[in-house]
Amino acid sequence: MVGLGPRKPPSRRGSMADVPKDLLDQINRLEELFTVPQEKLKQITDHFVSELTKGLTVEGGSIPMNPTWCMGFPDGYETGTFLALDMGGTNLRVCEINLPEEKGEFDIIQSKYRMPEELKTGTADELWDYVADCLQQFIEYHHEGEELDQLPLGFTFSYPATQEYIDHGVLQRWTKGFDIEGVEGKDVVPPFEAALAERGVPIKLTALVNDTTGTLIASAYTDTDIKIGCIFGTGCNAAYMEDCGSIPKLAHMKLDPNLPMAINCEWGAFDNEHKVLPRTPYDIIIDKESPRPGQQSFEKMIAGLYLGEIFRLVLVDLHGNPDVKIFDGQDIGKLKKAYSLDASFLAQIEEDPFENLSETQDLFANKLSITTSKPELELCRRLAELIGTRAARLSACGVAAICKKKGISSCHVGADGSVFNKYPHFKARGAQALREILDWPKGKKDPIEILPAEDGSGVGAALISALTLKRCKEGQTAGIRDPEAMLSGIKAAEPKKT
Ligand code: BGC
């Protein structure tokens with residue numbers, strides 16, 4: 001067809017020429033609601049800095065700022081063979097990682113298992129049985145017939161957990177739509193180890209790791225400029241290295257104030273008290289209808305799990321508004337189903353390369369059985385851009401806040417997660433927001449860059465196990481509950497001679 005060349009992303013306001021007044025008014029209203037201007041970004045960032053600090057105090061704040069007992073960066077020369085288990089939102093991944101003697105190198109073998117949807121709201125026993133079965137299968141497959149010592153395992157458990165020790169973690173609350181009874185407020189390690197013991201799986205848990213800490217450490221293994229690890233995926237969060245002297249809630253442990261300690265911020269909980277974030281009526285509905293109302297306020301505005309839902313709620317609202325004609329007279333039954341659209345739906349809309357938005361039109365027809373007019377498509381495109389842009393800009397506030405708190409003026413940030421890796425323009429929009437927040441001079445290379453991370457839940461978890469075993473061997477046992485039992489993992493971890 002003539003004239004259907006690729007569109008120039010992200011938005012062309014000129015294309016609104018044929019949009020009728022009712023829709024145009026709504027587009028303007030949505031722009032008002034979802035745009036976060038520079039001044040607001042700065043205000044959010046400043047409040048974020050004080051909340052990060054507050055989270056480290058004895059009294060605490062809404063951001064948990066959990067010490068992880070990962071005490072230092074790798075130097076690139078870590079060695080050994082480790083297992084890693086990643087219990088993410090969609091998949092369960094088991095890896096075996098070999099860290100050879102060559103600096104910054106690794107080999108990895110892995111198997112992925114689908115995480116059945118029912119497990120997320122099932123019972124704790126079902127969860128741990130499933131996880132242990134997957135580990136058992138992996139070991140039987142890859143080590144058939146071998147006499148095995150205990151294999152050291154780094155378990156990436158990407159939920160907020162307080163850690164008194166590195167191989168311990170009391171789940172503060174489920175996030176990302178998980179709602180398994182009887183786990184919150186308890187240490188997740190004993191039931192996990194019990195399920196392994198029941199099956200006779202030869203594993204020694206050496207570290208319970210958050211995905212952000214894994215990302216921080218894995219990225220730092222290959223890039224010494226890395227100072228922060230972030231996840232922008234189904235959930236969102238960051239980790240960075242603090243010094244023990246700046247963590248008042250650990251003062252009673254009398255640790256050397258200069259020792260480093262990775263902090264899992266759990267920044268999804270930022271502004272749970274609703275002081276600065278510009279929440280829209282749609283954000284309020286998301287929160288109210290979620291399994292944990294009042295929690296994860298920041299996350300609910302920016303993470304992948306919620307982006308499609310925000311979009312859906314706006315469209316349902318507009319359809320129900322008598323002053324607005326959108327999808328008029330059509331059955332929007334499919335659109336009415338909560339969480340029926342995920343972030344990839346928005347991503348596809350933003351990626352539609354055609355002037356007439358024909359791919360978006362097909363998407364609505366195929367997925368939602370809704371016929372769309374050109375003006376309706378224009379509204380949907382603009383809405384997707386607004387939601388995606390807001391997510392990227394608010395995310396940047398968290399990164400800027402950590403940098404401000406730590407006095408970091410230049411660094412690399414290792415980032416992972418489906419939104420970061422797949423959502424169109426997320427990186428560029430985040431970088432633009434950082435420039436606006438931190439007022440960098442124009443025309444120069446950005447001093448703080450958010451870059452794609454190394455595999456945090458595989459290599460990162462292995463490295464954290466390696467670092468823990470190393471310091472345990474050297475007698476630095478802070479945060480190691482039972483050094484002797486921990487060292488029983490060492491033999492199997494010794495580097496493979498090739
Ligand atoms: C969890 C964090 C995690 C983040 C990214 C959040 O919902 O609370 O622990 O790091 O998602 O996966």
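Tutor: Begin with the shell: a residue is near a molecule if one of its heavy atoms lies within 4 Å of it. Here 15 residues surround the ligand, and the closest are Thr175, Lys176, Asn210, Asp211 and Glu266. This is a predicted model: local features need pLDDT of at least 70, side-chain atom pairs count only at pLDDT 80 or more, and totals for chains, interfaces and linings use all residues. Residues are numbered from 1 along each chain as its sequence is written, and side-chain values use heavy atoms, with hydrogens and water left out.

Student: Which classes make up the shell around the ligand?

Tutor: Ala, Val, Leu, Ile, Met, Phe, Trp, Tyr, Cys and Pro count as nonpolar, Asp, Glu, Lys and Arg as charged, and the others, Gly among them, as polar. The shell holds four nonpolar, seven polar and four charged residues.

Student: How do I read polar contacts?

Tutor: A polar contact is a pair of N or O atoms within 3.5 Å. An N or O atom in the side chain of aspartate 211 lies 2.5 Å from a ligand oxygen. For asparagine 210, a polar side-chain atom is 2.8 Å from an oxygen atom of the ligand. Serine 158 uses a polar backbone atom, 3.3 Å from a ligand oxygen.

Student: How much of the ligand does the protein bury?

Tutor: Accessible areas come from the Shrake-Rupley method with a 1.4 Å probe. Alone, the ligand exposes 310 Å², and the protein buries 98% of that.

Student: Which elements supply at least two residues of the shell?

Tutor: Helices (H or I, at least four residues) and strands (E, at least two) are DSSP runs, numbered from the N terminus. Here α5 (211–222) and β10 (236–243) each supply at least two shell residues.

Methods: Polar contact = N/O pair within 3.5 Å; in protein donor to acceptor, adjacent residues only side chain to side chain.
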